[in-house]
Amino acid sequence: DRDVTGVQSVLFRSAKEKGTIGRKAKTEETAKAIRLYKTGAFTTAEIEQLSGVSSSTLYRALKEIDKQE
């Protein structure tokens, strides 16, 4: 038997050091979604279809922008 937990731990630490943990950020798509939202001409459902960004991601990004301002 292998120590799967130990192997996973080593692989996770290695990936974390390389910065390859998690999904790739949709920065360009999120920026597009924010621009569409700020026009006021689109519903969130339309923005999801046009940008490929979910409404929850859009609202999370808008919340971050508000925190920074």
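This is a predicted model: local features need pLDDT of at least 70, side-chain atom pairs count only at pLDDT 80 or more; totals for chains, interfaces and linings use all residues.
1. Residues are numbered from 1 along each chain as its sequence is written, and side-chain values use heavy atoms, leaving out hydrogens and water.

2. Ile34 also belongs to the largest nonpolar core, which has eight residues: Ala33, Ile34, Leu36, Ile47, Val53, Leu58, Ala61 and Leu62. Helix 2 (27–39) and helix 4 (55–68) are the elements giving two or more residues to this core. Such a core is a set of buried Ala, Val, Leu, Ile, Met, Phe, Trp, Tyr and Cys residues joined through side-chain atoms within 4.5 Å. Buried means under 20% relative accessible area, exposed over 50%, and partly exposed in between (1.4 Å probe, protein chains only). Helices are DSSP runs (H or I, at least four residues), numbered from the N terminus.

3. Now for helix 2 itself. Its 13 residues reach 19 Å from first C-alpha to last, close to the 18 Å expected at 1.5 Å a residue (that is, 1.5 Å times one less than the number of residues). Just after helix 2, Gly40 takes a positive phi of about 75°.

4. Which residues of helix 2 are buried? They are Thr30, Ala33, Ile34 and Leu36. These cover an arc of only 165° around the axis, so they sit on the same side of helix 2; the arc is taken from the directions from the helix axis to the C-beta atoms. The buried residues of helix 2 pack against helix 3 (44–51) and helix 4. On the face turned away from the buried side you'll find the exposed residues Thr27, Glu28, Arg35, Lys38 and Thr39.

5. There is one aromatic pair (for Phe, Tyr and Trp, the last by its six-membered ring, centres within 6.5 Å; planes under 30 degrees apart are stacked, over 60 edge-to-face, the rest tilted). The rings of Tyr37 and Tyr59 have centres 6.2 Å apart and planes at 85°, so the pair is edge-to-face. It links distant parts of the chain, with Tyr37 in helix 2 and Tyr59 in helix 4, 22 residues apart. Tyr37 is partly exposed at 35% relative accessible area, and Tyr59 is partly exposed at 41%.

Conventions:
Contact means heavy atoms within 4.5 Å.
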